[in-house]
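Dear colleague,

I am handing over the structure that we discussed, with a short account of what was found in it. Please read the notes beside the coordinates.

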Amino acid sequence: MFLILIGPPGVGKGTLGAALEAKYGALPISSGAIFRAEIEAQTDLGRMAKRYIDHGELVPNGVTIEMMNKRLRDPSIRKSGFVLDGFPRTVRQAEALDEMLFDLSFGLDKAISLEAPADLIVGRLAGRIGCTRCGEIYHSVTKPPKRDGICDRCNSPLFIREDDKPESIRERIRVFWETTAPVIDYYSKTGSLLKVDASHDPASTFHQVVAGLHLESK
Ligand code: ADP
Ligand code: ZN
């Protein structure tokens, strides 16, 4: 299964990716998570990317495409499939991904567009807390961890993302509408778009996706 998740920050791409992995074994690949790992490891790429990420701006296409190209060539992905989260984020990246998929003979199943009103996603992001180790996502109001600052699942420390501060959240949402919304049109034209209402709970989003994918496979 080869899927792309598109949607504004905070709409629930990470949560849906984890559910798709649990049910279908498709490997979630988050460009943002790869950048954060590069920053953590203090690589040249990480240092460069951090200047953009902390302000909620996009990392330039060239390095982003090169990084994802490398990642998608990992042999295990042919077997597991993938759920891309955060890539492609520009039409240029979508075109580059098409070339990669063609090269690797991976057939894209669907590009899933997750939709929710702006005020709702700002609320979700503003309380978001993540696990440094297993990637589990919590929320200070709607899904607090049992112990403050500790992951229920793996006991690792939790963290709040640098770019989850209010100014960066606003900038990330603005960038989404300006630069990433055209990517939705891009997949709509090729007939591979599946639109989902992500304004309810994660289970509702997941069920719509399963139903949508099933319909298409009939
Ligand atoms: P979110 O979707 O919640 O904004 P991500 O973890 O996907 O968060 O991305 C965090 C940041 O990493 C983005 O704001 C951007 O700076 C950078 N980034 C991630 N993916 C891409 C991409 N495909 N192209 C350019 N920048 C990216
Ligand atoms: Zn954890």
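The notes below take the two ligand sites in turn.

This is a predicted model, in which local features need pLDDT of at least 70 and side-chain atom pairs count only at pLDDT 80 or more, while totals for chains, interfaces and linings use all residues. Residues are numbered from 1 along each chain as its sequence is written, chains are lettered from A and ligands numbered from 1 in the order in which they are written, and side-chain values use heavy atoms, with hydrogens and water left out.

Ligand 1 is surrounded by 19 residues (a heavy atom within 4 Å), the closest being Ser31, Glu57, Gly86, Gln93 and Arg172. Among the polar contacts (N or O atoms within 3.5 Å), a side-chain atom of Gln93 lies 2.9 Å from a nitrogen of the ligand, whereas the side chain of Arg172 comes to 2.8 Å from a ligand oxygen. The protein buries 97% of the 550 Å² that ligand 1 exposes when taken alone (Shrake-Rupley method, 1.4 Å probe).

The zinc ion (ligand 2) is coordinated at 2.3 Å by the SG atoms of Cys131, Cys134, Cys151 and Cys154 (donors are N, O and S atoms within 2.8 Å of the metal, or 3.2 Å for Na, K and Ca). The angles among the four donor atoms run from 99 to 115°, and the site is tetrahedral (all angles between 85 and 135 degrees). In sequence, the donor residues follow the spacing C-x2-C-x16-C-x2-C.

Best regards

Key. Polar contact = N/O pair within 3.5 Å; in protein donor to acceptor, adjacent residues only side chain to side chain. Tetrahedral: all angles 85-135°; square planar, octahedral: opposite > 155°, others 65-115°.
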